[in-house]
Amino acid sequence: MTADAITSEQATRPPRQNRPDRRRVLSPAGRKRAAGLLLLLPALIALTMFFVLPLVSIVVDSVTDPEPGLSNYAQLFTDGYTLRVLGRTLVVALVVTAAGVLLAYPYTYMMTLAGPTTRAVMVTVVLVPFWTSMLARNFAWMVLMQDGGVVQGALGLVGLGGTRLLGTTFAVTVSMTQVLLPFMVLPMYSVMQQIDRRLLLAGQSLGASRLSSFRKVYFPLSLPGVVAGASLVFVLALGFYVTPALLGSPQNALIAQVISVRTRELLDFGGGGAMGVFMLIVTLAVLAASRRLTGLGSAARVGQMGAGQAVAGQAVAGRNER
Amino acid sequence: MTDATAHGWRGDPEIAAISAKKGTNMRYKRRLPATFAAGALLLAVAACGGASGGTAAGGKSLTWASTGGQFQEDEKKALQQPFTKQTGTAFVNVNPAEPAQVKTMVAAGRTTWDLANMSWIYAGAYCGKLFEKLDDPSLDRSKFPPGTTHDCFVPTYRYANVFGYNADDYPIEPPSKIEDFFDTKRYPGKRIVQDYVKNGLLEAALVADGVPLDKIYPLDVDRAFRKLDTIKDSLIFAPSYGAVQQMLVDHQASMVMTVTARLIATANSGANLKPVWDFTTTDIGVLVIPKGSAHKQLAQQALAFVTAPAQAKAYAQLTGVAPARTDIDVNSIPYTPMQKLFNAFLPDRGRLLEQDKKWWIANTDALVQRWTRWKVS
């Protein structure tokens, strides 16, 4: 009876009585787990050193510098600009996310339909800006958008000449959308390419129109990719510093610039830390709310994954930005 | 930039530690502790690297933090190299000189900078806390203009916040007095200013509003901001010196109030800039010693040395700034015509006002907050 239950793996194991110190020798499964832990170790050490510890230090500073208490947090609501700037930052991030979804969804959909060569070209087109330096991209936008520049000239043809672009939130939003597009396209593509297109045909064979089979079959299946891309882009957009500094203006500052003034000019590490922590809480709240709104089981799971990636991604992007 | 450098010099020990780990041929069950050991070794090496960062082994050496770019190159040539020649002191140059980094270094108890070119505001506000008091007798404070010295700083050079305009934009009747900066009807066009509250704009607003020079300090901040409100729509707040230069060359702005060196650079890069000598605020550049510097005495000797006539004149000639010591004749410096054009310390430059060090040290923090609030609202 027990012999039936023995798996081939266990069968190959030497008999137990021949192994006097079996407590000290790991079973194959245990060995696998130990190897897994070992492989995780570098990432865990790096994450603790470069993410968890600094984050703890920021939180501690925000409640102890200059004096213990919540005065740094109270000040956020009374200084007359933090809330305004935070609101603007959230709006810009949401607009960038929405514009990104609208641009990326059809593009990615076409990518899944295209042949291998066209697809390779389309992937390259998305990735090229990803490979160029952050500063080069922003300076290019600066030249395009300045007074008398190409974009203003084009607007002049349709009777909107003299519209100021550089130094406005509009310029910042356009540039951020372009910079963040790869973060939207790639997660969407990884989900969309796995969707079995025969499901659409099946839907049509059961009498659905092309539109409604897309709406009821394809779109819900692609939603996890949309949620993942959107969360990623939203979180990254919240922390942008270089783009608003170059293309925006201090009047239209976003939260990262205000935090920079706090820490670099005022040496107020506590106050800057409080802004950062407050920002983090608001971000998590917005992500949680958006997950609840989209409400799909699988979408939520991928969204969760996306949020995790987003936090890590923000740390990386933050470094690139600087 | 500093991140990249840090990785650069931390890279080698890391690779060494990793290859050492690869070389060990241990049995599997011992590998976990070995990895920990290698990790600990790696951290220790990185920490040591951080502690000794910048100091050359043996010999005397000073770490000099500054702006980077051409300005720091000029400092090397005019100030550091003569000191090396005389005393054998080597210099390690780092940038940018961020006050936030001084605060971090002092908090960590590891000050690696000996001299830093940064605003005197910080040395004044955190004198004795983040910055060393200057007590070397070689630093004779009577040699400097009144009101420009402090327990924690002496000036190494003087500059001004100059009002300039793009001559292409006002061909018929160019602006000639400080009131014109605030008159957007007769003189339309954007005005670009540094995004920093001590950029000379508040003083200029009060003078243009009719306050006599001897009544400027203490600043009537409310009145100054009321005056600034009248031109707020025409103001561009430049996030960096580079942006000032770029926007003036590209005709994005018609008037400017910025520091001497930046106007010279902008004019040299093709903008048709002219200064207006009616009312100008002047200020000083300083080299300060971060608290806990291991070479405080040597740094003070270097400080006295760089303000001496030979070095100060060479520095002025390279950068276009003016020497700090009053016993040096500005007219004897062979400036280029462009440097002369924007130099506020030559004869016939209208009314000059040295920005009040005590007042600004006491009020900058509150004003930065107010400036931010005013800008974004």
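Me: What do the buried residues of helix 7 of chain B pack against?

Reply: The buried residues of helix 7 of chain B pack against helix 6 (178–181), strand 5, helix 8 (221–229), strand 7 (255–259), strand 9 (279–288) and strand 11 (351–354) of chain B. Helices (H or I, at least four residues) and strands (E, at least two) are DSSP runs numbered from the N terminus, and two residues are in contact if their C-beta atoms, placed from the backbone, lie within 7 Å. This is a predicted model, in which local features need pLDDT of at least 70 and side-chain atom pairs count only at pLDDT 80 or more, while totals for chains, interfaces and linings use all residues. Residues are numbered from 1 along each chain as its sequence is written, with chains lettered from A and ligands numbered from 1 in the order in which they are written.

Me: How many residues of that helix 7 are buried?

Reply: Eight of the eight residues of helix 7 of chain B are buried, which leaves the helix mostly covered; they are Leu201(B), Leu202(B), Glu203(B), Ala204(B), Ala205(B), Leu206(B), Val207(B) and Ala208(B). A residue is buried if 20 or more other C-beta atoms lie within 10 Å of its own, exposed if 12 or fewer, and partly exposed in between, with C-beta atoms placed from the backbone. Just after helix 7 of chain B, Gly210(B) takes a positive phi of about 100°.

Me: And Tyr196(B), where is that?

Reply: Tyr196(B) sits in the loop between strand 5 and helix 7 (201–208) of chain B, and this tyrosine counts as partly exposed because it has 18 other C-beta atoms within 10 Å.

Me: Which way does strand 5 of chain B run relative to strand 6, parallel or antiparallel?

Reply: Strand 5 (residues 191–194) and strand 6 of chain B run parallel and are joined by four bridges, where two strands pair if DSSP finds at least two bridges between them. Within that pairing Val193(B) stands opposite Phe237(B) of strand 6.

Me: Where do the side chains of strand 6 of chain B point?

Reply: From strand 6 (residues 235–238) of chain B, Leu235(B) and Phe237(B) point one way, whereas Ile236(B) and Ala238(B) point the other way, and all are buried. In a regular strand the side chains alternate between the two faces of the sheet.

Me: Switching to the interface: how many residues of chain B are in contact with chain A?

Reply: There are 22 residues of chain B in contact with 24 residues of chain A. On the chain B side, helix 2 (31–51), helix 4 (99–108), strand 6 and helix 14 (357–376) each supply at least two residues, and helix 14 of chain B gives the most, with seven. By class, the chain B side divides into eight nonpolar, six polar and eight charged residues, where Ala, Val, Leu, Ile, Met, Phe, Trp, Tyr, Cys and Pro count as nonpolar, Asp, Glu, Lys and Arg as charged, and the others, Gly among them, as polar.

Me: At what angle do helix 6 and helix 9 of chain A pack?

Reply: Helix 6 (residues 116–131) and helix 9 (residues 169–192) of chain A pack at an angle of about 125°, with their axes 8 Å apart; axes are lines fitted to C-alpha atoms, for helices over the stretch in contact, and angles run from 0 to 180 degrees between N-to-C directions. That makes helix 6 of chain A oblique to helix 9 of chain A, since angles under 35 degrees count as roughly parallel, over 145 as roughly antiparallel, 65 to 115 as roughly perpendicular and the rest as oblique. The contact is made by Val126(A), Leu127(A), Pro129(A) and Phe130(A) of helix 6 and Gln178(A), Val179(A), Leu181(A), Pro182(A) and Val185(A) of helix 9 of chain A, and by class it has eight nonpolar, one polar and no charged residues.

Me: How many helices and strands does each chain have?

Reply: Chain A has 15 helices and zero strands, with 30% of its 322 residues buried. Chain B has 14 helices and 11 strands, and of its 377 residues 42% count as buried.

Me: Which peptide bond in chain B is cis?

Reply: The bond from Asn95(B) to Pro96(B) is cis, with omega near -5°, and Pro96(B) lies in the loop between strand 2 (90–94) and helix 4 of chain B. In chain A, the bond from Asp65(A) to Pro66(A) is cis, with omega near 5°.

Me: Is Leu267(A) buried or exposed?

Reply: Leu267(A) is buried, because 22 other C-beta atoms lie within 10 Å, and its phi is near 50°, a positive value in a residue other than glycine.
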